[in-house]
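Thank you all for coming; I would like to take a few minutes to walk through one structure with you. Please have a look at the sequence and the model first, and then we will go through them together.

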Amino acid sequence: MAWFEWTAAIITAVSVYLQARENIWNWPTAIVSVVMYMVVYARSGLYSDAGLQGYFLVTSIYGWYHWQRGGQGHSTLHVSRTSKRVWLWCAVLGAAFWISAATLTSRMEGASYPYIDAATTTVSLIAQWMITRKLLESWLLWIIVNIVYIPVLLLKDLYPTALLYAVMLVLAIKGFVDWRRSYHAARAAT
């Protein structure tokens, strides 16, 4: 199974790199990686994360379309900022989802770190939706999630995936910097 996890990790790193570069090909590579990670997480007892991959599959298909046609007049979508209203909705829905997921998974046999697992899953749900909308602050959420995931994955002996999350932490920082630059360039152009 180690080769499978390493392959999934490499494909995911490529996908996140492409995402940070605003390259549309991040979405098809994401589709492959999330299907592979459904298996990795389910076998490790990280059930919230296994379920999260199904969500990533759906949002990857949506994001692929939305990045190409979600802008004004069905044009290419540009990076924008997250409004206070969106932050409020994300916080309310996120709290409700976290409580529900943590309660449910804490009762499942073999569950590992159900409250942390549910929290990182919840923030990942929000961050992924924000990525599909090209909201700059999505990268800040990914930075937080990656920092929390790394020690959990090490404790579960998922070393290739822990390394992946360390790489994704660096890529999330790069994504934030690059998207902020793109945001300011688009604003200056208008």
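This is a predicted model: local features need pLDDT of at least 70, side-chain atom pairs count only at pLDDT 80 or more; totals for chains, interfaces and linings use all residues.

Residues are numbered from 1 along each chain as its sequence is written, and side-chain values use heavy atoms, with hydrogens and water left out.

So, what is the secondary structure? The protein chain has seven helices and zero strands, where helices (H or I, at least four residues) and strands (E, at least two) are DSSP runs, numbered from the N terminus. Read along the sequence, this gives the pattern α-α-α-α-α-α-α.

As for the overall dimensions, the C-alpha atoms fill a box of roughly 55 × 35 × 25 Å, taken along the principal axes. A compact globule of 190 residues would have a radius of gyration near 16 Å, and the protein chain, at 16 Å, agrees with that; the radius is taken over C-alpha atoms, and the globule rule is 2.2 Å times the number of residues to the power 0.38.

Buried residues make up 47% of the 190 residues in the protein chain, and here buried means under 20% relative accessible area, exposed means over 50%, and partly exposed is in between, with a 1.4 Å probe and protein chains only. If we take contacts (heavy atoms within 4.5 Å) with a separation of 6 or more, residues 24 or more positions apart account for 71% of them. The accessible surface of the protein chain comes to about 9800 Å², of which 69% belongs to carbon and sulfur atoms, with areas from the Shrake-Rupley method, a 1.4 Å probe, and, for residues, only the protein chains shown counted as cover.

Let me now move to helix H3. This helix covers residues 47-69, and its 23 residues reach 33 Å from the first C-alpha to the last, close to the 33 Å expected at 1.5 Å a residue; that expected span is 1.5 Å times one less than the number of residues. Which residues of H3 are buried? Among them are Asp49, Leu52, Gln53, Phe56, Gly63, His66 and Trp67. The buried residues of H3 pack against helix H1 (2-20), helix H2 (26-43), helix H4 (84-106), H5, helix H6 (138-155) and helix H7 (159-189).

Within H3, Gln53 is worth a moment of our time. Gln53 counts as buried at 5% relative accessibility, and, leaving aside neighbours within four places in sequence, Gln53 is in contact with Val34, Tyr37, Met38 and Tyr41. Gly54, also found in helix H3, is partly exposed, with a relative accessible area of 24%. The C-alpha atoms of Gly54 and Val34 are separated by 7.3 Å, although these residues are 20 residues apart along the chain.

Helix H2 brings us to Val39, which is partly exposed at a relative accessible area of 36%. Val39 and Phe4 are 35 residues apart in sequence and 9.3 Å apart in space, C-alpha to C-alpha.

Ser44 sits in the loop between H2 and H3. Is this residue, Ser44, buried or exposed? Ser44 is buried, with a relative accessible area of 16%, and, not counting residues up to four places away in sequence, Ser44 touches Ser112, Lys156 and Leu158.

H5 is mostly covered, with 14 of its 19 residues buried.

Finally, I would like to point out some backbone angles. Tyr113, in the loop between H4 and H5, has a positive phi near 45 degrees, in a residue other than glycine, and Tyr113 is partly exposed, with a relative accessible area of 35%. Just after H5, Lys134 takes a positive phi of about 55 degrees. Asp157, in the loop between H6 and H7, has a positive phi of about 60 degrees although it is not a glycine, and at 49% relative accessibility Asp157 counts as partly exposed.
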